[in-house]
Amino acid sequence: MDVEKSSSSSFEDLTNAEDTKDIRAAQVAASVVESLGSKVNDNDDKAKAQTPNVVDDDDASDEVEAGDNEEDVCDILGNKQLLKRIIKKAPSSAKRPNRGDLVTITFTGKLEDGTVVEHEERFKCHVGDYEVVQGLDMVLPMMHVGEHAQLTVDPRFGYGTLGLKKENSTDVIVAPNTQVNPIKFLYSSDVSPGYYLFQLIYDVELLDVKYEDFADLKTFEVLRNYGARKKERANYFYKRVEYNNAIHLYRRALDYLDNRDGDPDAEFGKEDLELSNSDLQNLLEDRLIVYNNLAMAQIKIGAFDAALQSVEHVLRCQPNNPKALYRKGRVLEGKADTQGAIKLLQKVATLEPDNRAVQSDLARLFIKARREEHNEKEMYQKMLGQAKKMEQTTAVRQKTPLVDNSKLKLLGFLMGSILIGVAGVAIYRYKY
């Protein structure tokens with residue numbers, strides 16, 4: 001029985017051996033940038049040295065604030081891949097969010113060159129549900145209500161190796177971390193080019209935190225809104241081939257697309273929410289869509305037993321659902337039941353005769369089935385051939401001892417006769 005490989009933690013495994021390489025590369029790039037920047041600063045210092053050294057009160061206050069902010073920089077992971085700098089502190093009595101809490105935040109994500117990647121005002125999300133960039137999701141539990149902070153997020157906790165593109169377009173907003181950016185355009189042309197990874201700068205303010213109890217989740221609008229939001233975010237991760245995150249969010253969507261509120265204080269027999277038939281039908285349809293998508297994500301990571309359970313939920317309500325039947329066929333193929341997969345895909349082909357993908361998969365499965373049948377015949381022939389050889393060897397072994405025993409008996413009879421004859425002659429001579 002396979003174990004589903006999805007993870008409920010938003011934290012990435014940081015014990016990767018590649019971390020040291022990334023850190024060293026980042027340090028080398030930083031040293032190059034720092035050395036190049038020092039040249040520019042030296043030129044600026046020389047120019048400033050020729051001007052009177054006059055500082056007004058406003059400039060002095062700005063320098064003090066900058067110094068204070070530098071002290072507030074927190075290296076969260078210890079490898080400079082996720083930094084937090086407090087811009088505005090919150091009161092010491094302010095609340096902190098926990099995992100699963102509903103938070104309201106305003107944030108702006110930018111590249112190092114100032115290009116705005118995303119901006120949200122009073123955005124609501126659940127902590128730990130991957131509804132924002134991973135780096136931001138990891139920092140939210142470390143903030144207080146009213147706090148304003150700036151985050152520096154490494155690509156691995158931002159948009160990773162895929163980057164970010166505009167929806168329905170090939171235009172790149174955030175380059176993948178595998179793509180490097182020459183820094184020679186920043187300085188003079190006589191400097192040999194170096195490279196550095198893109199980083200994201202997030203300006204975030206935590207406005208509110210709310211722990212949602214069962215009483216907050218007893219309306220159809222709230223349940224369907226949360227479920228749809230989790231499903232759309234899961235689809236986003238599925239398209240990015242991040243199947244574990246997609247599975248987590250599909251499961252979270254199922255938690256909301258349900259008329260059972262799970263309230264332990266509810267009266268016996270009244271655990272279900274009182275919804276109209278149309279609302280229940282809408283929740284059921286949304287739920288079946290999520291189960292179908294969840295099954296596909298589970299198939300992608302090889303969790304066939306879990307995927308089979310997901311499609312069975314759909315087929316119990318809709319026995320002729322083509323997507324569920326097709327995905328169950330994929331599951332059976334993954335579990336080495338080729339004949340069972342062929343039967344299901346044949347049923348799908350009758351339901352959707354114009355579906356070329358199903359026809360292609362059916363042809364592939366027929367070829368696979370014939371190959372498996374041929375291999376089985378060869379295996380049986382080899383097994384039968386070996387069995388016949390073993391029978392012949394056993395028969396020879398059984399006959400050989402019989403021949404040997406008869407020879408021994410004949411030899412013993414002859415020797416006995418000779419001994420008796422010699423003994424008789426000796427007795428006769430002794431007497432006479």
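This is a predicted model: local features need pLDDT of at least 70, side-chain atom pairs count only at pLDDT 80 or more; totals for chains, interfaces and linings use all residues.
A residue counts as exposed when its relative accessible area is over 50%, and as buried when that area is under 20%. Arg122 comes out at 57%, so Arg122 is exposed.

**The chain overall**

The protein chain runs to 432 residues, and 35% of them are buried. DSSP runs give 10 helices and 10 strands. What about contacts along the chain? Taking pairs at least 6 apart in sequence, 66% of the contacts join residues at least 24 apart.

In soluble globular proteins, nonpolar side chains tend to be buried together. Here the largest nonpolar core holds 44 residues, and the members touching the most others are Tyr250, Val290, Leu294, Leu345 and Val358. The largest share is that of α5, with eight residues.

Leaving out residues up to four places away in sequence, Val358 touches Tyr326, Leu345, Val348 and Ala349. Apart from this core there is another one, made of 29 residues, including Leu82, Val133, Val139 and Val153.

Two packed helices are described by the angle between their axes and the distance between the axes. Here are two such pairs.

| Helix pair | Angle between axes | Axis distance |
|---|---|---|
| α6 and α7 | about 155° | 8 Å |
| α7 and α8 | about 155° | 9 Å |

Angles over 145 degrees count as roughly antiparallel, and α6 and α7 are therefore roughly antiparallel to each other. The pair α7 and α8 is roughly antiparallel too. As for handedness, α6 passes α7 in a left-handed crossing, and α7 passes α8 in a left-handed crossing as well.

Which side chains meet where α6 packs on α7? On the α6 side there are Leu284, Leu288, Tyr291, Asn292, Leu294, Ala295, Gln298 and Ile299, while α7 brings Phe304, Ala306, Ala307, Ser310, Val311, His313, Val314 and Cys317. Over at the contact with α8, α7 uses Phe304, Ala307, Leu308, Val311, Glu312, Val314 and Leu315. The α8 residues facing them are Ala324, Leu325, Arg327, Lys328, Arg330, Val331 and Gly334.

In the model, residues 288-321 are 79% helix and 0% strand, with end C-alpha atoms 10 Å apart. Residues 322-355 likewise come out at 79% helix and 0% strand, again with 10 Å between the end C-alpha atoms.

The unreviewed entry also lists residues 410-430 under "transmembrane region". That span is 100% helix and 0% strand in the model, and its end C-alpha atoms lie 31 Å apart.

**Residues worth a click**

Most residues other than glycine have a negative phi. Arg122, in strand β4 (residues 116-126), has a positive phi of about 50° although it is not a glycine. Val241 is another non-glycine residue with a positive phi, at about 65°. Val241 sits in the loop between α4 and α5. Is Val241 buried or exposed? With 52% relative accessibility, over the 50% cut-off, Val241 counts as exposed.

Gly163 belongs to the loop between β5 (148-153) and β6 (164-165). Its relative accessible area is 2%, so Gly163 is buried. What does Gly163 touch? Not counting residues up to four places away in sequence, the answer is Val174, Ala175, Pro176 and Arg240. With Ala175, the separation is 12 residues in sequence and 4.8 Å in space, C-alpha to C-alpha.

Finally, have a look at Asp203 in strand β10 (residues 200-210). Its relative accessibility is 29%, so Asp203 counts as partly exposed. Asp203 touches Ile87, Thr106, Phe107, Thr108, His148 and Ala149, again not counting residues up to four places away in sequence. The C-alpha atoms of Asp203 and Leu136 are 9.8 Å apart, and the two residues are 67 apart in sequence.

Note on methods
Residues are numbered from 1 along each chain as its sequence is written. Side-chain values use heavy atoms; hydrogens and water are left out. A nonpolar core is a set of buried Ala, Val, Leu, Ile, Met, Phe, Trp, Tyr and Cys residues joined through side-chain atoms within 4.5 Å. Buried means under 20% relative accessible area, exposed over 50%, partly exposed in between (1.4 Å probe, protein chains only). Helices (H or I, at least four residues) and strands (E, at least two) are DSSP runs, numbered from the N terminus. Contact means heavy atoms within 4.5 Å. UniProt positions are given in the numbering used here, feature names are shortened, and annotations may be inferred rather than shown by experiment. Axes are lines fitted to C-alpha atoms, for helices over the stretch in contact, and angles run from 0 to 180 degrees between N-to-C directions. Angles under 35 degrees count as roughly parallel, over 145 as roughly antiparallel, 65 to 115 as roughly perpendicular and the rest as oblique. A crossing is left-handed if the near helix is turned anticlockwise from the far one by less than a right angle, and right-handed if clockwise.
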